[in-house]
Amino acid sequence: MNNFDVIIIGAGAAGLMCAMRAGQRGKRVLLLEHSEKVGAKILISGGGRCNFTNRDVSPERLLSQNPHFCKSALKSYSQHDFIALVEKHKITYHEKTLGQLFCDMSAQDIVTMLLEECQAGDVKIETNQNVLSVSKSDKFQVQTRNGIKETTSLVLATGGLSIPKMGATGFTHQIAQQFGIPLTDIRPGLVPLVFDGGELAFISPLSGISLEVVAKCGKRSFREGMVMTHRGLSGPSILQISSYWHEGASISLDLVPDNEIEHSLIERKQSRPKAELKTILSEILPQRLAQAMATTYFVNEPIGTLSDKKLKDIASLIKNFQLMPSGSEGYAKAEVTLGGVDTAALSSKTMMATQVPGLFIIGEAVDVTGWLGGYNFQWAWSSGWA
C-alpha cells in the first residue's frame, strides 16, 4: 500500500495538474500536501476569483536564464488547452485587461475542477503530510509521519518562497540541492518596491494615490496602474517591473502617458499666465501629487513667470521621473519567486532531472517566472502536464 508509480510532493497548481494527468494515464499516484487543504494559493489568487491563465501567453513573457526552456511545455499544454478544461467543467469566466482570465464566481471552482479530474484518475491525496526526508536507492523513499512511501517517479511541486504565511518553504530547492541539482540566484518577484531617504520622504505622504503610468527599467516597460504606499510603490506596473529591477538600478516613470505635457504647459502659460504651477499641474496629475511635485521639485510660481525652457524641464521630469528603489517588500509580499532550479539540469520536454532519473521538478520552484496576469498559473499547468 506504500508503493506508488508516482509520488508528487505539493498539491498546488502544478502538483494537482501533474497528479490528474498521471492518474488518468493509468499511473498509481500519491499526492502529498503539508497543509490542511490543497490549492491554497489558487484560492486566494485574483482576489478569490483566480486569474487562471492569459489569452496571450507566449514564451517571451516568462523570465529564465534560458528563455527557450519553457517553449516545449507551453506548446504541449497551452492556455487554450486549460481554457477548454475550464469550459468542459462549465466554469464561467471573464476577461479583464490585457488578456487576463478570471472565474465569474470563485477560485474554488478551479480547485474543485482539478480535484474532480484527480478523482477520475484515482489519485490518492493525503493532506497534513509533512515530508521528513527523501532518499533514493533503487527507488525513492519518502519519509512521512505515516511511514515510508516508495516510488520510481518523484515529483517536487512545492513552489517557491513567496507568501511564507501560507506555508511557503524552500523544500523543493533543498531536495534539489540534496541530489546535486544546482539553483540559480533566487529573489522575490512581482513585488512592491520600497524607498528610503528623500525619495521616501516624497512618496510616503502621498500614500493611497493611484494613477496609470509607464514604469521602465532598462529596456523593459509596462503601462498599468501604480499605487503609492507609505513605504514606496506598488500596483501592477510596479509589480511587473520589479521582476526586471535589481539592486542599484533606477526605474523611470512616465506619470502622464497620453499627455504631451510640454505643449499643455506652454498653452496654459499663454492662456492663464497668473495661475500657479501647482494649480496647472493639478489639472494633469492627482492633486496631492501635483502639489508635492510643484513644491519639492519646482518653484511654485505663476506659470506666466516661467520660461519655456523651465516648462520643458518640468515636462521632462514628469515624463521621465527617475527613482532609485532601496529594495523590495520581500517574499512576504511577493507573488512569485524569481530564479530557482537551474533549467540546464532539467529536460524541457519532461521536466525530469537529467542526472537523477525519475526525479521531476515543476512549477514555481523552477527558474521560470511569468509576468503578472495568469502567466505563472499557465506555467504551473504546462509544466505539470509535461
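This is a predicted model: local features need pLDDT of at least 70, side-chain atom pairs count only at pLDDT 80 or more; totals for chains, interfaces and linings use all residues.

Q: Nice. How many aromatic pairs does a search of the whole structure find?
A: The search gives 13 aromatic pairs. One of them is F52 with Y93, an edge-to-face pair at 5.7 Å centre to centre, with 85° between the planes. This pair links distant parts of the chain, as F52 sits in strand β3 and Y93 in strand β5, 41 residues apart.

Q: And what about F377 and W381, how are they arranged?
A: F377 and W381 form a stacked pair, with centres 5.6 Å apart and planes at 10°. Both residues lie in helix α13 (residues 375-385), and because they are four residues apart, about one helical turn separates them.

Q: Are those two buried or exposed?
A: Both F377 and W381 are buried. Helix α13 as a whole is mostly covered, with nine of its eleven residues buried. Among the buried ones are Y375, Q378, W379 and G384.

Q: Which residues do the ring pairs link into a cluster?
A: The cluster consists of F52, F82, Y93, F377 and W381.

Q: Back to β3 and β5. Which sheet are they in?
A: They belong to an open sheet of three strands, ordered β3-β6-β5, with antiparallel pairing. The edges are β3 (51-54) and β5 (93-95), each pairing on one side only. From one strand to the next, the twist averages 30°.

Q: How many bridges pair β5 with β6?
A: Three bridges, in the antiparallel sense, with β6 covering residues 100-103. Within that pairing, H94 stands opposite F102 in β6.

Q: What packs on that sheet?
A: Helix α4 (residues 79-88) does, touching β3, β5 and β6. The direction of α4 makes about 140° with that of β3.

Q: Switching topic: how do β1 and β2 run, parallel or antiparallel?
A: Parallel: four bridges join strand β1 (residues 3-9) to β2.

Q: Which way do the side chains of β2 point?
A: V29 and L31 point one way from β2 (residues 29-32), while L30 and L32 point the other way, and all are buried. In general, side chains in a regular strand alternate between the two faces of the sheet.

Q: Now the seven-stranded sheet. What's the strand order?
A: It reads β17-β16-β13-β14-β15-β12-β18, in an open sheet with antiparallel pairing. Strands β17 (321-323) and β18 (327-328) are at the edges with a single partner strand each, so one side of each has no neighbour in the sheet. Inside the order, β12 (residues 193-194) and β15 (residues 232-234) are joined by two bridges, and V194 stands opposite G232 in β15.

Q: Which helix lies across β16 and β17?
A: That's α12, running at about 115° to β16 (251-254). Helix α12 (residues 308-319) also meets helix α9 (residues 261-271): their axes come within 8 Å and cross at roughly 140°. The crossing of α9 and α12 is right-handed.

Q: Which residues make that contact between α9 and α12?
A: From α9 they are I261, E262, L265, I266 and K269. On the α12 side they include D308, L311, I314 and I318. By class, the contact has seven nonpolar, five charged and no polar residues.

How values were computed
Residues are numbered from 1 along each chain as its sequence is written. Side-chain values use heavy atoms; hydrogens and water are left out. Axes are lines fitted to C-alpha atoms, for helices over the stretch in contact, and angles run from 0 to 180 degrees between N-to-C directions. A crossing is left-handed if the near helix is turned anticlockwise from the far one by less than a right angle, and right-handed if clockwise. Contact means heavy atoms within 4.5 Å. Ala, Val, Leu, Ile, Met, Phe, Trp, Tyr, Cys and Pro count as nonpolar, Asp, Glu, Lys and Arg as charged, and the others, Gly among them, as polar. Two strands pair if DSSP finds at least two bridges between them. Rings of Phe, Tyr and Trp (its six-membered ring) pair if their centres lie within 6.5 Å; planes under 30 degrees apart count as stacked, over 60 as edge-to-face and the rest as tilted. Buried means under 20% relative accessible area, exposed over 50%, partly exposed in between (1.4 Å probe, protein chains only).
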